[in-house]
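Please look at the sequence and the model before reading on.

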Amino acid sequence: MSSGDLKFYYFDLQARGELTRLILAAAGRSYEDIRFGFDKWPEYKPKMILGQAPVLELADGTQLPQSLTIARYVAREAGLAGSDNLESAKIDAVVDTQKDVNETYFSKVFPEKDETKKAEELKKFLDETVTKHVENLGKLKKAYSKDEKYFVGDKLSWADLFVFQSIQALLQAVPEVKGKFGEQFKPLMDAINGNENIKKYLDARPQTAF
Amino acid sequence: MPSYKLYYFNVRSRAEVSRLIFAAAGEKYEDVRYEQDEWPAHKDEMPLGQIPVLEVDGVKLPQSRTIARYLAKQFHLAGKDNFEQAKVDAVVDTIYDLLNAFATPFFEKDEAKKEELTKKFLSEELPKHLQNFETLGKLYGNGGHFFVDNQLTWADLLFYNYIQSFMEFKADCLNNFPWLQQNRAEVEKQPKIAEYLKNRPNLQF
C-alpha cells in the first residue's frame with residue numbers, strides 16, 4: 001500500500017492532529033504526514049474542504065474534515081474501533097467524555113491572557129474538572145472493560161489512544177496535573193508506550209510546543 | 001431484538017435526534033422524560049451523572065452524540081460503509097461546532113454583552129456555518145437533497161432539530177440557503193417523521 005493513497009494535512013503540532021497520527025502508527029498504516037507552520041496556512045486553507053485543518057484526503061481526492069471524525073474513520077479501517085456496534089459505542093462514549101474535558105481546558109484555561117485569572121481557572125480545572133473526569137473514566141472503565149489495561153473489552157482501541165494522548169498533552173502543558181491521575185492508568189500508558197508500532201512512532205516524532 | 005430505554009428531560013435539545021432516529025426507523029423504545037425536580041433522585045443511576053443515557057438490554061451508554069450514532073447504525077441511518085459514515089460524522093461534528101459557537105452568547109449573563117454577542121453570532125458565525133453545511137451537502141450528497149449519498153441519515157435529522165431552534169431566534173436564517181431549506185423539507189416529508197412531528201409534545205427547545 002503506497003503512502004500516496006492517504007494524505008493527512010495538519011499543522012506541525014500535536015493538538016488536534018496527533019490522535020490520528022497515533023492511530024495510523026498503531027495500525028502500521030503508511031500515509032503522507034503533511035505538516036505546515038502557521039505562516040504556510042494561507043496557502044493550504046483554500047485547498048481544505050471547510051477551510052480548516054486537520055483534513056484527511058483519500059486517493060480519489062475526497063476530503064474529510066473534523067479531527068474526531070477522521071480519527072474514528074482510520075480507527076475503523078484499522079480494526080481499532082470495536083468488534084460490533086455496541087463496542088464501538090462504548091468506545092465513542094469514552095472519547096466524547098475525554099473530549100469534553102479537553103474542550104474545557106481549551107476554552108477556559110488555555111486562552112486566558114490575564115495571569116491571575118488564568119491561575120484561578122487552572123486551579124478550578126485541576127480541582128474540579130480533572131478530579132471528576134478521573135472518576136468518570138474509572139466508572140466507564142469498570143462498566144466496559146474486560147481487562148486491566150484497556151477501556152473497552154480486552155483490546156486496544158482508539159479511545160485508549162485518545163486518553164493516552166490527552167493525558168500526555170496535558171502533562172506537557174500543566175505538569176502539576178501529574179498527581180491527579182494516580183496509578184489507575186499506568187497499565188494502559190505502559191501498554192501503549194510498549195506497543196512496538198507506537199513506540200517506533202513516538203521515538204521518531206518531531207518535538208512540538210503542543 | 002434489543003430493548004431500548006432513553007432517559008432525558010422533557011425537552012428536545014440533546015435527545016431529540018435520537019427520538020427522531022427511532023421515529024424514522026419505526027422502532028420502539030421507552031421514552032423516559034424526567035421533570036427537573038425528579039432528576040436528582042436518578043442522577044446516581046447514570047454512568048456520568050448526566051443525561052441523555054440510552055439503556056440497551058441493561059447496558060447504559062452516556063453521551064448524546066454516541067447514543068445517536070449507535071442508534072443510527074442499528075437502524076441503517078448512519079451511512080452504508082465506513083467512508084459514508086465518516087461523511088455523516090463530518091456533517092454532525094460541523095453541526096455541533098455551530099452549537100458550541102452559539103453557547104457563548106447564549107450563556108452570557110451580562111445583558112448588553114449578550115445582545116452584542118448574539119448579534120455577532122447571527123450576522124457572522126451562523127451564516128459561515130450554514131455555508132459550510134451547504135458545501136458538505138453539495139460535495140457529499142451525490143446530487144440529492146440529503147447530506148450524504150442522497151439518503152436520509154442522522155445528519156439530516158440532527159440538522160433538522162437544531163435549525164428549528166435557531167429559527168426561533170432568526171426565522172429567516174435559511175433565506176440565502178435554498179439547498180438547506182430543501183433538505184429540511186425532505187426530512188419533514190418522510191411519512192414516519194411527519195407522523196412523529198405531528199404527535200410529539202410541542203417544546204420550545
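## Backbone angles in chain A

Gln66(A) sits in the loop between β4 (63-65) and α3 (67-77) of chain A. Helices (H or I, at least four residues) and strands (E, at least two) are DSSP runs, numbered from the N terminus. Although Gln66(A) is not a glycine, its phi is positive, at about 75°. Gln66(A) has a relative accessible area of 12% and is therefore buried. Buried means under 20% relative accessible area, exposed over 50%, and partly exposed in between (1.4 Å probe, protein chains only).

Chain A also has a cis peptide bond, from Ala53(A) to Pro54(A), with omega near 10°. Pro54(A) is in the loop between α2 (41-44) and β3 (55-58) of chain A. Most residues other than glycine have a negative phi, and most peptide bonds are trans.

## How the model is treated

The model is predicted: local features need pLDDT of at least 70, side-chain atom pairs count only at pLDDT 80 or more, and totals for chains, interfaces and linings use all residues. Residues are numbered from 1 along each chain as its sequence is written, chains are lettered from A and ligands numbered from 1 in the order in which they are written, and side-chain values use heavy atoms, with hydrogens and water left out.

## A residue in strand β1 of chain A

Leu6(A) belongs to strand β1 (residues 6-11) of chain A. Its relative accessibility is 4%, so Leu6(A) counts as buried. Leaving aside residues up to four places away in sequence, Leu6(A) touches several residues, including Leu24(A), Tyr31(A), Leu56(A) and Leu58(A). Contact means heavy atoms within 4.5 Å. Pro175(A) is 169 residues from Leu6(A) along the chain, and their C-alpha atoms are 35 Å apart.

## Chain B as a whole

Chain B has eight helices and four strands. From the N terminus on, its elements run β-α-β-α-β-β-α-α-α-α-α-α. The radius of gyration of chain B is 17 Å, close to the 17 Å that the globule rule gives for 205 residues, so chain B is as compact as a globular protein of that length. This radius is taken over C-alpha atoms, and the globule rule is 2.2 Å times the number of residues to the power 0.38.

Of the 205 residues of chain B, 56% count as buried. Among contacts in chain B between residues at least 6 apart in sequence, 67% join residues at least 24 apart.

Helix α4 (residues 82-107) of chain B has 26 residues and reaches 36 Å from its first C-alpha to its last, close to the expected 38 Å. The expected span is 1.5 Å times one less than the number of residues. Because 20 of the 26 residues of α4(B) are buried, the helix is largely enclosed by the rest of the structure.

Ile51(B) and Pro52(B) are joined by a cis peptide bond, with omega about 15°. Pro52(B) lies in the loop between α2 (39-42) and β3 (53-56) of chain B. Asp57(B), in the loop between β3 and β4 (59-62) of chain B, has a positive phi near 45° and is not a glycine.

## Where the chains meet

How many residues of chain A are in contact with chain B? There are 30, and they meet 28 residues of chain B. The area buried between chain A and chain B is about 2600 Å², with 54% from carbon and sulfur atoms. Leu50(A), Arg76(A) and Asn85(A) supply 22% of the area that chain A buries against chain B, more than any other three residues. Buried area is the accessible area (1.4 Å probe) that two parts lose on being put together, summed over both.
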